[in-house]
Amino acid sequence: MGPVAIFLVCLLSLSRAKASSNIGVNYGQLGNNLPSAYRSIELLTTMNAGPVKLYDSNPEILSLLSTTKLQVSIMIQNHEISGIAANQSIADEWVRNNVLPHYHVTKIRYLLVGNEVLSYNSEQGHQMWHDLVPSMKNIKRSFKAQNIHGIKIGTPLAMDVLQSTFPPSSGMFRSDIIDTVIAPMLEFLDRTKSFFFIDAYPYFPWSQDPENISLDFALFRGTSTVRDPGSGLIYTNLLDQMLDSLVFAMSKLGYSNIQLVIAETGWPNSGDIEEHGANVFNAATYNRNLINRMTAKPPIGTPARPGVVIPTFIFSLFDENQKTGPGTERHWGLLHPNGTSIYEIDLTGKTPLTDFTSLPEPKNNVPYEGKVWCVATKDANQMELQATLNYACNQGDVNCDPLAPGRECYAPVSVADHASYVFSSYWAKFRSEGGTCYFNGLAEQTTKDPSRASCKYPSVSL
């Protein structure tokens, strides 16, 4: 290679590193109170966001993004994977409909096939496992046939693809996917010079084991270090441990040079009562420290890969009130649905941490101990409450006899009171089986006993 060629390669590497060092944002839309796409992109631009990651290929959003300098990641949804894997013409059509119209005007940089596909452990999920890499290959063939360049193909996976993560040097992929999915996927990523996209949330391992994992270690503000006995590497934070467990797992399969992209990370700003540590103070601390670390120049990398840029997308732009599951699911946003900041943040990493306004100290960093009830929210729609109440009682999931006229919980005759009794009864009965206090956004947890002298509401003891 001549000196000019070497210079161009170096220049390209530097420009890629510079572009991908900006902090990206996940733009989810699972809310019924979110700003318009136009306003949302205005907000992203005002926030100096790096790349924007979508969970589909929404044509309106992609057209609006064409008027900005924002780079974009689009996604093939999980239900589309099997068809694309089975038929090249379906893959060609998907690219023709979703990529080509925007290719020359919108800065599409990544096409992600599915979302956390290997976390679905059902018969349909196993079919997606089987179809994942073939669908990625068919999309790549479509790109080649339609002369599309500069878009990397990948798939975002959760940390549960690993059966061992600690210490990082023990990192190893799950035995049920290592040969059938992971090995061919890594071969594809390596051959196409793409990235391993990982959703990495230190909140989850910390919240599941707060006695053995320091909160400061999870929030990048620990003064203690942890030595990996296998590698001898020294760790100062939990995210580095999680990322390096993937690095070691890939290396054991012969792939030591595939670059990581953090497709999702963040910290919940609120949650259910039993979800300790989910608060604004910790969310601001985690994301501010994350940004400072990932935008540092020169790049910091991880102990196993020092000095390497790690492109990073924070989850998420907004709190999304229609996400199901525990309360934290609806509280990862940087912004309220009205577009105001939940806490101050600078996605460029240029603002010193000491310049941010101080936040009130958190009150839920330790697990709550006591009784909790599930009651109707104060602003719940009365018709929706009544429909949910009727459904639960007619299905026989809970005993609604105490709500009958003349019985102990009949008075006061209030839809909200009756629904609260049913919500508490259902949650107390099914929480151990994964039941949540959500009911399509109609319910919330409380530590205040809603019981009356004649009517005892069931509760959950934490």
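What is the volume of the largest pocket? In this predicted model, the largest pocket has a volume of about 1200 Å³.

**The pocket**

The largest pocket is lined by 39 residues, and those closest to its centre are E116, A158, D199, Y201 and F204. Sorted by class, the lining consists of 19 nonpolar, 12 polar and eight charged residues. Strand β3 (71-76) and the helices α9 (203-208) and α11 (238-252) each contribute at least two residues to this lining.

Strand β1 covers residues 23-26. On one side of the strand are I23 and V25, on the other G24 and N26, and all four are buried. Both faces of β1 are therefore covered, where buried means under 20% relative accessible area.

β1 pairs with two strands, β13 and β2. With β13 (residues 312-314) it runs parallel and is joined by three bridges; here I23 stands opposite T312. With β2 (residues 52-53) the pairing is also parallel, over two bridges, and V25 stands opposite V52. Helix α2 (residues 37-46) belongs with β1 and β2 to a β-α-β unit, and this unit is right-handed.

**Aromatic pairs**

A pair of aromatic rings is described by the distance of the centres and the angle of the planes. The model has 23 aromatic pairs. Two of them are listed here.

| Pair | Centre to centre | Angle between planes | Type |
|---|---|---|---|
| Y55 and F315 | 6.4 Å | 90° | edge-to-face |
| Y421 and Y457 | 5.5 Å | 80° | edge-to-face |

The pair of Y55 and F315 links distant parts of the chain, 260 residues apart. Y55 sits in the loop between β2 and α3 (59-65), while F315 sits in the loop between β13 and β14 (371-376). Both Y55 and F315 are buried.

Why does the pair of Y421 and Y457 count as edge-to-face? Its planes stand at 80°, and an angle over 60 degrees puts a pair in that class. Y421 lies in helix α14 (residues 415-430) and Y457 in the loop between β15 (443-446) and β16 (460-461), so this pair ties together parts that are 36 residues apart in sequence. Y421 has 8% relative accessibility and so counts as buried. Y457 has 3% relative accessibility, and therefore counts as buried.

Ring pairs also build a cluster, which joins Y55, Y201, Y203, F204, W206, F220, W267, Y286, F315 and W332. Among its members, Y201 and F204 are also among the residues closest to the centre of the largest pocket.

Notes. Residues are numbered from 1 along each chain as its sequence is written. This is a predicted model: local features need pLDDT of at least 70, side-chain atom pairs count only at pLDDT 80 or more; totals for chains, interfaces and linings use all residues. Side-chain values use heavy atoms; hydrogens and water are left out. Buried means under 20% relative accessible area, exposed over 50%, partly exposed in between (1.4 Å probe, protein chains only). Two strands pair if DSSP finds at least two bridges between them. A crossover is right-handed if, with the strands pointing away from the viewer, the path from the first strand over the helix to the second runs clockwise. On a 1 Å grid over the protein atoms alone, a cavity is a set of points where a 1.4 Å probe fits but cannot get out, and a pocket is an open set with protein on both sides within 12 Å along at least five of seven lines; lining residues have an atom within 4 Å of a point. Grid points are joined across faces, edges and corners, and a volume is the space filled by probe spheres set on the points. Ala, Val, Leu, Ile, Met, Phe, Trp, Tyr, Cys and Pro count as nonpolar, Asp, Glu, Lys and Arg as charged, and the others, Gly among them, as polar. Rings of Phe, Tyr and Trp (its six-membered ring) pair if their centres lie within 6.5 Å; planes under 30 degrees apart count as stacked, over 60 as edge-to-face and the rest as tilted.
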